[in-house]
Amino acid sequence: MNRLLFLALLSLPAMAAIKTTKVPYELDKTKFEGVLVFDDAATPRPGLVLVPNWLGINEANLKQAELVAARGYVVFVADMYGIAARPKNQEEAGKAAGAVKGNRALMRARVNKALQLLLGAKGVPLDVKRVGAIGFCFGGTAALELARSGAKIGGVVSFHGGLASPTPEDAKNISAKVLALHGADDPNVPPDEVAGFQAEMRAAKVDWQLVSFGNAVHSFTDVDANMPGRAQYNAVVAGRAYGMMDDFFGEAFRP
C-alpha cells in the first residue's frame with residue numbers, strides 16, 4: 001500500500017457500530033421491553049427517550065431510532081403497550097394507541113418509566129445531564145405529555161404529533177423547552193388544535209416553538225407513509241425537521 005494512503009487511512013475516525021440492547025422491565029404488573037440504541041464507540045453524549053408512532057416497537061421504528069442515534073444520541077425506545085400487545089397492523093395499532101392516548105395518566109406513567117430506565121442505563125455512553133425526549137405521531141403526543149407531567153429534562157420534540165391535551169392547565173408543570181414540528185396540511189392535527197396548543201403554551205409561559213412546514217401532511221418523517229393528502233413521507237421536510245431537532249437540543253442542553 002502507498003505509504004501516504006496508509007497514513008491517510010490511519011487518520012480517519014474509527015467507524016463505530018450502532019448497537020441495540022433489549023431492556024425488559026415491568027410496570028403495574030405488565031411486562032414491557034424497551035430498546036437502547038447507541039454508538040458503541042462514542043464519548044458521553046446526550047440521551048433521548050424516543051416514543052415511536054402508533055405501531056410501537058417494530059423493525060421500521062427501530063431503524064428510525066438507529067438513524068437518530070447515529071446523529072449523536074443515546075436513544076431509549078419506549079415500549080408504550082407491553083410485550084403482549086405489540087400491534088401487527090394499523091387496526092391493532094389504532095386500538096392500542098387509543099387506549100393509551102385516552103388515559104393520560106397511563107401514558108405519562110409509561111413514558112416516565114422509559115425516562116427512568118434511560119437515566120439508569122449501564123454500559124452506555126450517556127451524559128445524564130443532557131437528556132430529552134422525542135416522539136413521532138402518537139409518540140409526539142407522549143413526548144409532550146412527559147413534559148406536561150413535569151419531567152426534569154432539557155427539552156422535548158414532537159414530530160407530527162397530536163398537540164391537544166385534556167388538561168391544558170398541566171402545562172404549568174413544564175420545565176423543559178418544547179419544539180413542535182407540524183405539517184401545515186396535516187388533517188389529523190387541524191388548525192383549532194394547533195391554536196389550542198399555542199394558547200396553552202402561552203398561558204403557562206413555556207419556552208416553546210412551533211414550526212409549521214408547508215406542503216407537509218401527517219407522518220412526514222415516516223418513509224413508509226404513502227397516503228397522499230393525509231399521511232405521506234416528505235424527504236425534504238424530514239431532513240429539515242431532524243436538523244431543527246439537532247439545533248434545538250444543542251441549545252437546550254447547553255449549560
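**A guided reading of the model**

Lys 29 counts as exposed, because its relative accessibility is 80%; here buried means under 20% relative accessible area, exposed over 50%, and partly exposed in between, with a 1.4 Å probe and protein chains only. Lys 29 is found in the loop between β1 (18–27) and β2 (30–39). Its phi is near 65°, a positive value in a residue other than glycine. A further residue with a positive phi is Asn 215, at about 60°, although Asn 215 is not a glycine. Asn 215 is found in the loop between β8 and β9 (226–227) and, with a relative accessible area of 70%, is exposed.

The model is predicted: local features need pLDDT of at least 70 and side-chain atom pairs count only at pLDDT 80 or more, whereas totals for chains, interfaces and linings use all residues. Residues are numbered from 1 along each chain as its sequence is written, and side-chain values use heavy atoms, with hydrogens and water left out.

We turn to the chain as a whole. The protein chain contains 7 helices and 10 strands; these are DSSP runs numbered from the N terminus, helices being H or I of at least four residues and strands E of at least two. The radius of gyration of the protein chain is 18 Å, close to the 18 Å that the globule rule gives for 255 residues, so the chain is as compact as a globular protein of that length. That radius is taken over C-alpha atoms, and the rule is 2.2 Å times the number of residues to the power 0.38. Along its principal axes, the C-alpha trace spans about 65 × 45 × 40 Å.

Of the 255 residues, 49% count as buried. Contact means heavy atoms within 4.5 Å. Among contacts with a separation of 6 or more, 66% are between residues 24 or more positions apart. The chain exposes about 12,400 Å², of which carbon and sulfur atoms supply 54%; accessible areas come from the Shrake-Rupley method with a 1.4 Å probe, and for residues only the protein chains shown count as cover. There are 28 positive and 25 negative side chains, and the centres of the two sets lie 5 Å apart. In this count Lys and Arg are positive and Asp and Glu negative, while His and the chain ends are not counted; the place of a charge is NZ of Lys, CZ of Arg, CG of Asp or CD of Glu.

Which parts of the chain do the aromatic rings of Phe 136 and Phe 159 link? Rings of Phe, Tyr and Trp (its six-membered ring) pair if their centres lie within 6.5 Å; planes under 30 degrees apart count as stacked, over 60 as edge-to-face and the rest as tilted. The count comes to 9 aromatic pairs. In one of them, Phe 136 and Phe 159 are stacked, at 4.6 Å centre to centre with 15° between the planes. This pair links distant parts of the chain, since Phe 136 lies in strand β5 (residues 126–136) and Phe 159 in strand β6 (residues 155–159), 23 residues apart. Phe 136 counts as buried because its relative accessibility is 1%, and Phe 159 counts as buried at 0%.

Phe 159 also pairs with Tyr 242: the ring centres are 5.4 Å apart and the planes stand at 45°, so this pair is tilted. Because Phe 159 lies in strand β6 and Tyr 242 in helix α7 (residues 235–252), the pair ties together parts that are 83 residues apart in sequence. Both Phe 159 and Tyr 242 are buried. Elsewhere, Tyr 73, Phe 248, Phe 249 and Phe 253 form one aromatic cluster.

Not counting residues up to four places away in sequence, Gln 64 touches Phe 136, Thr 221 and Tyr 242.

Two further residues complete the reading. Asp 170 is placed in the loop between β6 and β7 (177–183) and is buried at a relative accessible area of 15%; leaving out residues up to four places away in sequence, Asp 170 touches Arg 108 and Arg 148. Trp 208, in strand β8 (residues 208–213), counts as partly exposed because its relative accessibility is 22%. Beyond its neighbours within four places in sequence, Trp 208 is in contact with Val 178, Phe 197, Gln 198, Met 201 and Arg 202.
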